[in-house]
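Let's take a walk through a protein chain together. Have the structure open while you read, and look up each spot as it comes along.

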Amino acid sequence: MRIEKDSLGERTVPEDVYWGVQTERAIENFPISGLTFSTDMAHAIGAVKLAAAETNVELGTLDPDTGKTIAQAAREVFEGNLDDQFREDVFQAGAGTSFNMNANEVIANRALELIGELRGNYKRIGPNDHVNMSQSTNDVFPTTLRIAAIMALERELYPSVQRLAGAFSDKGKEFDHIVKAGRTHLQDAVPVRLGQELEGYAVAIRRSAEAVKLAAHELMRLNIGATAIGTGINTPKGYRASVVKKLSEITGLKLRPAENMIEITQSAADFSRVSSALRLLALELVRIANDIRLLASGPMTGFGEITLPAVQPGSSIMPGKVNPSVAEMVDMVGFQVVGSDTTIALAVQAGQLELNVMLPVVAHNLLQSIRILGSACRIFAEKCIEGVMANSDVARRYAETSGALVTVLSPRIGYLTAAEVVKESIASGRSVREIVLDRQLVPEQDIDTLLDPFAMTESE
C-alpha cells in the first residue's frame with residue numbers, strides 16, 4: 001500500500017494501481033451495482049485529457065515537458081492500455097466527478113512513472129493542478145460521453161443495423177416470387193409477396209437507423225472549455241477552439257464548439273434525443289421480431305410460412321421442440337432499451353440551474369443501449385434472418401384459400417355480394433373461385449385473371 005493525500009486527508013491506496021486517493025474513496029463509497037462504465041468512456045476521456053494537455057502547452061499555461069509526459073500517459077488511456085484502472089461504480093457521485101478524478105489520477109501516476117517518480121508523489125505532476133488544468137468535471141464528463149457515444153454508434157450499432165437491413169433485403173429478393181396471404185388485425189387480408197413483407201422490414205430498420213444518425217449529429221457539439229458553469233473560468237484565451245480542434249484530430253470526428261456554452265452545460269437534451277431514436281429502433285425491432293415469431297409459428301399448428309435456423313433445443317421436457325430463440329432475445333433487448341430511455345428521460349429533466357448532475361446514469365444507460373442493440377442486430381442477422389427458409393407451399397395455400405381474394409371483385413360485383421361470397425366460403429370450406437363461378441358472378445374466361453394472387457400484389 002501507499003499513502004496519498006487529498007483535501008479530506010490521507011488514505012491508503014494499493015501500491016500496484018494507477019488510480020489514487022479520490023478514486024479509492026469512490027470505490028469505497030459506492031459499492032452499488034458492480035457495474036463499471038464502458039471502455040469507450042475511458043478511451044474518450046483519454047482523448048479529452050490528451051487534447052487538453054497539448055492545448056495547455058500550446059497556449060503557454062503548462063510546462064512543455066510536463067505537458068508532453070501527461071499527453072503520453074493520456075494517449076495510453078485513449079488507446080485502451082489502462083482500461084483495468086477504471087473501477088468505480090456507474091452509480092456514483094453526481095456529475096461524474098469520481099470518473100474524471102479516476103482519469104486524472106491514472107494519467108498523473110502513469111506520467112510520474114514515465115519520468116521515474118513514485119506513484120502518488122504529485123508535486124511534479126498532479127491530478128488536479130496539471131492533468132485537470134483548464135478543465136472541470138462539468139465540461140469533461142459530458143464531452144467524454146458525447147465522444148464515447150459517437151464512437152460506440154459508429155463501431156457497434158451502424159454496421160450491425162446495416163447488416164440486418166441487408167439480410168432482410170437479400171431475403172426479400174430471394175422470396176419475391178412467393179405469394180402469401182396478407183393479414184390485418186391478425187385476420188386474412190389481400191395477398192402480399194413474402195419478399196415484399198421482408199423488404200418492408202429492411203426499410204423500417206434503415207429509417208430508424210437514419211433517425212439515430214440524425215440525432216447523433218448533435219453530439220458533435222461540445223462544451224469542453226466551458227469549465228464549471230459555461231463561462232470558461234480558469235481557461236486561457238483561445239483554449240476552447242484549440243482543444244476542440246485537437247480533439248477532432250485525435251478522434252477523427254467532426255467535432256465543434258457549442259454555440260452557447262451556458263445552454264449546453266445546463267441541458268442534457270442531446271443525450272435524450274439519441275436515446276429516443278434508439279428507443280424507436282428498438283420498438284421497430286421488437287415489432288419485426290414478433291412478426292418473425294408469428295410467421296415461423298408451428299410448425300404444424302401455426303402460420304409455418306417460414307422456417308428459422310435451429311440454434312438450440314427449445315425445451316427441457318418436450319423432445320424435438322425448437323423455439324424462435326434469437327427473435328425472443330431481440331424482444332428482450334428492445335424492452336431493456338425502452339426502460340433505459342425512461343431512465344435517461346428522468347435524468348435529463350433532473351438538471352437544475354447551471355448543471356445536470358445525473359449524467360453518470362445517462363452514460364451507463366445510453367452506452368448500454370447502443371451496445372446491446374448493436375449486438376442484437378448482428379446476432380439477429382447472423383443466426384436468424386440470413387438462414388431463414390420459406391415454406392412456399394404453405395404460403396401459396398393460404399393465399400389461394402383466403403376469402404380476402406374476393407376484394408379484387410368487389411368493384412365488379414359489389415361490396416355486399418362479395419361479403420356474401422366470403423361468408424359462404426368460410427361456412428362451406430369452398431374456395432372463392434368455386435362460389436363465384438357457381439353464382440355466375442364473373443365470366444369463367446375472366447376468373448383466373450381476376451383471381452391471380454400474384455397480380456394482386458402489384459400496383460403502379
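A helix here is a DSSP run of at least four residues, a strand is a run of at least two, and both are numbered from the N terminus. With that in hand, take serine 325: its place is in helix H11, which covers residues 325–349. Keep in mind that this is a predicted model.

## The whole chain

Zoom out for a moment. The chain holds 18 helices and eight strands. Its C-alpha trace spans about 100 × 50 × 35 Å along the principal axes. The radius of gyration is 30 Å, whereas a compact globule of 460 residues would have one near 23 Å.

How much of the chain is buried? Of its 460 residues, 52% count as buried. The chain exposes about 21,200 Å², and 52% of that area is supplied by carbon and sulfur atoms. If you look at contacts between residues at least 6 apart in sequence, 73% of them join residues at least 24 apart.

Now for charge. There are 45 positive and 58 negative side chains in the chain. The centres of these two sets lie 1 Å apart.

The largest nonpolar core is made of 116 residues. Leu157, Phe168, Leu278, Ile292 and Phe380 have the most contacts inside it. Which helix gives the most to this core? That's helix H6 (residues 137–174), with 17 residues.

Leaving aside neighbours within four places in sequence, leucine 278 is in contact with Leu153, Leu157, Val212, Val337, Leu366, Ser369, Ile370 and Leu373. There is also a second, separate core of 12 residues, with Val432, Ile435, Val442 and Leu451 among them.

Is serine 325 buried or exposed? Its relative accessible area is 16%, so serine 325 counts as buried, since the cut-off for buried is under 20%.

Leucine 82 sits in the loop between helix H3 (64–78) and helix H4 (97–114). Although leucine 82 lies in a loop, it counts as buried because its relative accessibility is 7%. What does leucine 82 touch, once residues up to four places away in sequence are left out? The list is Tyr18, Ala73, Glu76, Val77, Val106 and Arg110. Tyrosine 18 is 64 residues away from leucine 82 along the chain, yet their C-alpha atoms are separated by 8.7 Å.

Some loops deserve a look at their backbone angles. Glycine 298 and proline 299 are joined by a cis peptide bond, with omega at about 5 degrees. You'll find proline 299 in the loop between helix H10 (269–295) and strand E7 (306–307).

Next, visit the loop between strand E5 (221–222) and helix H8 (239–251), where threonine 227 has its place. Threonine 227 has a positive phi of about 50 degrees, although it is not a glycine. Asparagine 234 is in the loop between E5 and H8 too, and its phi is positive at about 70 degrees, although it is not a glycine either.

Asparagine 234 has 68% relative accessibility, so it counts as exposed.

Note on methods. Residues are numbered from 1 along each chain as its sequence is written. This is a predicted model: local features need pLDDT of at least 70, side-chain atom pairs count only at pLDDT 80 or more; totals for chains, interfaces and linings use all residues. Side-chain values use heavy atoms; hydrogens and water are left out. The radius of gyration is taken over C-alpha atoms; the globule rule is 2.2 Å times the number of residues to the power 0.38. Buried means under 20% relative accessible area, exposed over 50%, partly exposed in between (1.4 Å probe, protein chains only). Contact means heavy atoms within 4.5 Å. Accessible areas come from the Shrake-Rupley method with a 1.4 Å probe; for residues, only the protein chains shown count as cover. Lys and Arg count as positive and Asp and Glu as negative; His and the chain ends are not counted. The place of a charge is taken as NZ of Lys, CZ of Arg, CG of Asp or CD of Glu. A nonpolar core is a set of buried Ala, Val, Leu, Ile, Met, Phe, Trp, Tyr and Cys residues joined through side-chain atoms within 4.5 Å.
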